[in-house]
Amino acid sequence: MIYPKIPLAQSIIEICSAKGIHNIIISPGSRNAPLTIGFAQNDAFKCYSIADERCAAFFALGIAQQTKKPTAIVCTSGSALLNYYPAIAEAFYSQIPLIVISADRPQSKIDVGDGQTIRQQNVFQNHSVFNANLTEEASKENDLKINEAIETAILQKGPVHINAPFEEPLYETTETLSVNPKIISLEKIAETKTIENIDEFVSVWNTAKRKLILVGVNEADLIDEEIIENLAKDPSVVVLTETTSNLYHPNFVNSIDTLITPFDDADFKEFEPEILVTFGGMVVSKRIKAFLRKYKPQHHWHIDTLRAYDTFNALTKHILMQPNNFFKDLFSKTILTESDYFEQINAIYKQRKIKKKKYLDKIPFSDFKVFEKVIESLPKNSQLQISNSSAIRYAQLIDIDSSIEVFCNRGTSGIDGSTSTAVGAAVGSSKQTVFITGDISFLYDSNALWNAYIPKNFKIILINNGGGGIFRILPGHEEKPVFNIYFETSHQLTAEHLAKMYQINYFTATDAASLEKNIKSLYAANDAPGILEIFTPTAENDVILKQFFKELI
């Protein structure tokens, strides 16, 4: 076995190996050479080389998202580290474990005018769950910090930063370990299976006639079928899910905006819940947020083992449990409450779905029509990654087959690393991965394709409407040069030459017939990754979407 000669690098590598950290994403550099040498020549690790640090960090996030295990990212000193920040923030808010290992110059070289030096210590402090600032020499204190960083990433489901200063020479190797780091584990808090003060919850639950369950970003198969059925059959319960909730039942409302956008004040008053129960991550629908902030529930219970955000300014109780355990314990002691809450809402939602189908059947080729056809075409049992902005919002309006798992970077809701995350997720999963994105998000993260690891069955469906179409949907849009240049970012760029440069199959669609033909070609061609670029009419898309909500009334 070949090891780096620097003892501190040996300690980091040995502790990562002992903790079962397997996937290591390395961005080439010189100061991190001791780490690169040790990780790349050790069979305990699967190493990936990705030059662009921003892409590398989102790629790692995608792998960690799928494996549910920490992924390490390794970079050189200086500005390289700062390029990790968007993915670090996303991992922090999406509760995904990432381990940042940054090489640094010795402390004596910082702020003296030496090259590739910045103040690296605690640089991610606002968006990390632990920061380990190591000293140059291997030591018990350093070992403790490295252990604690990795353990914290696992237990708190978030990014940690290990900053390691190395002095030259950096490339020397040895066949003998000079360290024997101590491996420690932090005490894990036992999983709570019973509700504290349950009689209080049971009393509120049994007397409330309007209970609203709202599910944000959520992993598939976390909730038992028995729990789902209990929620679905309760006449006093309405369950709202989103595309990213990965939770399905015919009685659940899976398109929140389709239901509530046409509501007036009287409708909202009828819909106002006495109890709001939330679980999962961030919620996409701005309309449901506005509704719940105005029509506040008497009780808002958020169920999460780690955090509770007061998204609706109404939080009354954070329940530190797994949602499945909470409902299992609650339902063992509650009764079905007589109510017409579900019946009323379900009747409205059924009518909305009928009107939606009629509208989709009559509209011309546009973003909305494309999303309907694209989502209908998704292979069963596949993984769907969606970029932010208008892409995830259109996806909320279309039914998705329950066998498909859906993911989106909703922690910070940024467009910056969506493609890189999708590529990493494709690498981290055995499932067929399809990525649906808009043109601005795709172009912004085009270095994601500068990647030697993209699976051949990875498919990108790129909806190119010539700019940031979401800004046309927002209030205040006016067709003026300032809007076109500085908000929408109008352009005539395509993915054709990027696809050619990276040897990716490339297909286009400009109407319903070419879409139907080339979406089949996209899935049929598995000799290389593929892009289907669909060109939609810039000026018509927002008009068609806005009219949809009017015709639901």
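Helix α3 lies across β14 (383-386) and β15, running at about 140° to β14. Helix α14 (residues 367-377) also packs on the sheet, where it touches β16, β17 and β19 (530-535), and its direction makes about 165° with that of β17. Some ground rules: the model is predicted, so to speak of local features takes a pLDDT of at least 70 and side-chain atom pairs count only at pLDDT 80 or more, while totals for chains, interfaces and linings use all residues. Residues are numbered from 1 along each chain as its sequence is written, and side-chain values use heavy atoms, with hydrogens and water left out.

Helices (H or I, at least four residues) and strands (E, at least two) are DSSP runs numbered from the N terminus. Contact means heavy atoms within 4.5 Å. Axes are lines fitted to C-alpha atoms, for helices over the stretch in contact, and angles run from 0 to 180 degrees between N-to-C directions.

The strand order in this open, six-stranded sheet is β15-β14-β16-β17-β19-β18, with parallel pairing (two strands pair if DSSP finds at least two bridges between them). At the edges stand β15 (405-407) and β18 (505-509), each with a single partner strand, so one side of each has no neighbour in the sheet. On average, neighbouring strands here are turned by 20° against each other, direction ignored. Strands β16 (residues 433-438) and β17 (residues 459-464) run parallel and are joined by five bridges; Val434 has Lys459 in β17 as its bridge partner.

## Another open sheet

Six strands also make an open sheet in the order β3-β2-β4-β5-β7-β6, again with parallel pairing. Its edges are β3 (46-49) and β6 (130-133), each with a single partner strand, so one side of each is left without a neighbour in the sheet. Neighbouring strands are turned by 15° against each other on average, direction ignored. Helix α3 (residues 53-67) packs on this sheet, touching β2 (23-26), β3, β4 (71-75) and β5 (98-104), and its direction makes about 165° with that of β4.

Over at β6, four bridges join the strand to β7 (residues 159-165), and the two run parallel. Phe130 has Val160 in β7 as its bridge partner. Helix α5 (residues 85-94) lies across β4, β5 and β7, at about 150° to β5.

## Helices against helices

The axes of α3 and α5 come within 7 Å and cross at roughly 25°. On the α3 side, Arg54, Ala57, Phe58 and Leu61 meet Pro86, Ala87, Glu90 and Ala91 of α5. That contact divides into six nonpolar, no polar and two charged residues. For these classes, Ala, Val, Leu, Ile, Met, Phe, Trp, Tyr, Cys and Pro count as nonpolar, Asp, Glu, Lys and Arg as charged, and the others, Gly among them, as polar.

Then there's α7 (residues 198-207) with α12 (residues 323-331): they pack at an angle of about 75°, with their axes 10 Å apart. The pair is therefore roughly perpendicular. Ile198, Phe201, Val202 and Trp205 of α7 make the contact with Asp329, Leu330 and Phe331 of α12. By class, this contact has six nonpolar, no polar and one charged residues.

Buried means under 20% relative accessible area, exposed over 50%, and partly exposed in between (1.4 Å probe, protein chains only). In α5, the buried residues are Ala87, Ile88, Ala89, Glu90, Ala91 and Phe92, and what covers them includes α3, β4, β5 and β7. Helix α16 (residues 418-428) is mostly covered, with nine of its eleven residues buried. Its cover includes α3, β14, β16, α17 (439-444) and β17.

Helix α22 (residues 538-551) buries Asn541, Asp542, Ile544, Leu545, Phe548 and Phe549. Down the helix axis these fall within an arc of 160° (taken from the directions from the axis to the C-beta atoms), so they line one face of α22. Val543 and Lys550 are exposed on the face turned away from that buried side.

Most residues other than glycine have a negative phi, and most peptide bonds are trans. Here, the peptide bond from Glu168 to Pro169 is cis, with omega near 0°, and Pro169 lies in the loop between β7 and β8 (173-174).

Positive phi values turn up too. Gln95, which follows α5, has one near 55°. Asn313 also has a phi near 55°; this residue sits in the loop between β12 (299-303) and β13 (317-319) and is partly exposed, at 49% relative accessible area. Gln503 has a positive phi of about 55°, lies in the loop between α20 (496-501) and β18, and is exposed at 68%.

Notes
Parallel < 35°, antiparallel > 145°, perpendicular 65-115°, else oblique.
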